[in-house]
Amino acid sequence: MIEDILAVYKKAMNTTIEKLSKNPVFLIMPLLYSIALSSALILVGGIGFSGVGFIIPIVYSLVLSSYFEILSDLNFYNRISFKSFKSSFTNNFFTIYSVYFVMMIIKFLTNSLPVKVAVAAIIYFLFNAISESIYIKGKSYVDAYVYTIDFMKENFIHWSIPVVVYVLIVSTLTQTVGYTIFKLSNNIISSLTGMEVTLLDLVNSSVDQVLRILAIQLITAVYVLFRGSLFTILSSSTMRKRKYMGEF
């Protein structure tokens with residue numbers, strides 16, 4: 001297994017480097033979309049009416065629809081195009097929102113804080129690849145969860161190692177392990193934008209803090225592309241098939 005893991009990671013990293021070399025602008029995308037998400041949520045929160053809880057998933061879905069369109073283009077065509085930028089906010093909207101709808105029901109059914117924390121941790125690791133199931137496999141609603149569970153059963157170790165490494169790196173940079181894990185697990189789909197960042201964070205933070213934020217977002221960009229490449233490899237073959245075919 002170790003040999004297969006190293007071989008798969010090597011191929012995924014080579015693909016990631018190739019994508020970044022041809023599309024270096026993606027390095028700032030997680031930061032831009034994180035700011036967009038945070039700004040939109042601040043705007044929605046400022047409205048101050050009882051239905052805001054149902055608007056937040058809509059806002060997330062619209063912004064992430066555009067982000068996932070970029071990730072999809074990179075994964076399938078190895079390029080970023082802004083020609084259809086306006087329509088990108090709706091191209092994946094219903095797919096993402098349908099997945100959020102299921103997640104909203106799960107969170108609604110968990111009332112106590114200990115249960116919420118436990119459920120968040122389970123969701124984070126069990127459904128960690130759900131974003132890739134959406135923008136690479138086109139899965140939606142319950143199918144996205146079912147497919148992700150099947151994927152994780154087959155590839156849990158291969159997939160979880162980079163996740164743990166990423167969490168540890170971000171935790172080290174933020175110097176808050178518990179907070180980092182909570183923020184990343186609180187909304188698993190938007191975790192691909194890295195830590196939540198607002199313009200105020202960049203303006204009001206010290207130079208050291210700003211550098212840490214930028215480092216996290218740059219690492220996130222590499223990590224997100226690596227995830228996409230890794231998912232494509234793992235979802236299209238099994239360890240037994242790779243060994244039999246001598247794929248690596």
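I began with Ile5, which lies in helix 1; helices here are DSSP runs of H or I with at least four residues, strands are runs of E with at least two, and both are numbered from the N terminus. The model is predicted, so I noted that local features need pLDDT of at least 70 and side-chain atom pairs pLDDT 80 or more, while totals for chains, interfaces and linings use all residues. Residues are numbered from 1 along each chain as its sequence is written, and side-chain values use heavy atoms, without hydrogens and water.

**Ile5**

Leaving aside residues up to four places away in sequence, I found Ile5 touching Ile157, His158 and Ile161, where contact means heavy atoms within 4.5 Å.

**Helix 1 and helix 8**

I then turned to the helix pair. The axes of helix 1 (residues 2–22) and helix 8 (residues 141–174) come within 10 Å and cross at roughly 60°. Helix 1 is therefore oblique to helix 8; under 35 degrees counts as roughly parallel, over 145 as roughly antiparallel, 65 to 115 as roughly perpendicular and the rest as oblique. Axes are lines fitted to C-alpha atoms, for helices over the stretch in contact, and angles run from 0 to 180 degrees between N-to-C directions. Asp4, Ile5, Val8 and Tyr9 of helix 1 make the contact with Ile157, His158, Ile161 and Pro162 of helix 8. I recorded 6 nonpolar, 1 polar and 1 charged residue there; Ala, Val, Leu, Ile, Met, Phe, Trp, Tyr, Cys and Pro count as nonpolar, Asp, Glu, Lys and Arg as charged, and the others, Gly among them, as polar.

**Helix 1 and helix 11**

Helix 11 (residues 207–235) packs on helix 1 at about 130°, the axes being 8 Å apart. Helix 1 is thus oblique to helix 11. On the helix 1 side I listed residues including Val8, Tyr9 and Ala12, and on the helix 11 side residues including Val222, Leu225 and Phe226. By class, this contact has 11 nonpolar, 3 polar and 2 charged residues.

**Whole protein**

Finally, I noted 12 helices and 0 strands. Of the 248 residues, 45% count as buried.

Technical notes:
Buried means under 20% relative accessible area, exposed over 50%, partly exposed in between (1.4 Å probe, protein chains only).
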